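Trainee: I would like to go through this model with you. Could you take my questions as they come?

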Amino acid sequence: MRFWKHKSETGKPPMLIGIAGAKRGVGVTHISVLLGEYLEIEKGAKTAILEWNSHGDFEWMEAACSGKGEKVFSYRGVDYFGRVEENQLEDILAKGYSYIIFDLGEIKQKHKKIWEMCHKKVLVGNPALWKKGAFFQMAGGLAKEKITLLYLLNLSEDEFVSSELHGHNGTKMEFKNKIIHLGYCPFGKKPSKKMENLFEIIRKA
């Protein structure tokens, strides 16, 4: 997929941002929507969010907004594409977006191609005792592969995470990369300074 042949409103190829979770239910869609609104509303950049998974959450979102439950819709200026198939991507890339966010859901092998295409990659975890182990395990593996990405612990107010913890099988895991801790941020409100700083890191090439 030659994304660079497509130009945005600024005359540059769109920036592709991949957001994935170490497990399902850690807030990937939440972060994707907040980032999309920040780019569109605060920065005036034409933005699309692609649901690159089969969850169908965008249809539920659209149904809550209009009652129709459509797969493709706009909300607060951002364009949403639900349950996108690979054969749709070329047409979406050609629409002139400055930013395209891929909501990958829980990261899996089938996402590898798109994940590798993305200019910015964000791995999302959750501080819950039954979820943070999976985050560290996956983050540690990605760090060994020398993949450049941001590590984000969603709904985490405190810098409490130790660089050492044990996996579900008792093995010790070491992780020394910087983790960004992000507390709860509601939709429809101006993002906190901490969130703005995070989104600026993601936005800038």
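Trainee: What is the bridge partner of Ile 17 in strand 6?

Mentor: The bridge partner is Lys 120. This is a predicted model, where local features need pLDDT of at least 70 and side-chain atom pairs count only at pLDDT 80 or more, while totals for chains, interfaces and linings use all residues. Residues are numbered from 1 along each chain as its sequence is written, and side-chain values use heavy atoms, with hydrogens and water left out.

Trainee: How many bridges join strand 1 to strand 6?

Mentor: Strand 1 (residues 15–21) and strand 6 (residues 120–125) run parallel and are joined by 5 bridges. Strands (E, at least two residues) and helices (H or I, at least four) are DSSP runs numbered from the N terminus.

Trainee: What is the strand order of the open sheet?

Mentor: The order is 3-4-2-5-1-6-7-10, 8 strands with mixed pairing; two strands pair if DSSP finds at least two bridges between them. Strand 3 (72–75) and strand 10 (179–182) are the edge strands, each pairing on one side only.

Trainee: Is strand 10 buried or exposed?

Mentor: Both of its faces are covered, with Ile 179 and His 181 on one side and Ile 180 and Leu 182 on the other, all buried. Buried means under 20% relative accessible area, exposed over 50%, and partly exposed in between, with a 1.4 Å probe and protein chains only. Strand 10 runs parallel to strand 7 (residues 150–154), joined by 4 bridges, and Leu 153 stands opposite His 181.

Trainee: Changing topic, which residues of helix 2 are buried?

Mentor: Phe 58, Glu 59, Met 61 and Glu 62 are the buried ones. Seen down the axis of helix 2, they fall within an arc of 160°, so they line one face of the helix; the arc is that of the directions from the helix axis to the C-beta atoms.

Trainee: And which residues are exposed on the other side of helix 2?

Mentor: Trp 60 and Ala 64 are exposed there. Just after helix 2, Gly 67 takes a positive phi of about 85°.

Trainee: Back to Ile 17: which residues touch the most other members of the largest nonpolar core?

Mentor: Ile 17 and Ile 19 do, among its 31 residues. Helix 1 (residues 28–42) gives the largest share of this core, 7 residues. Such a core is a set of buried Ala, Val, Leu, Ile, Met, Phe, Trp, Tyr and Cys residues joined through side-chain atoms within 4.5 Å.
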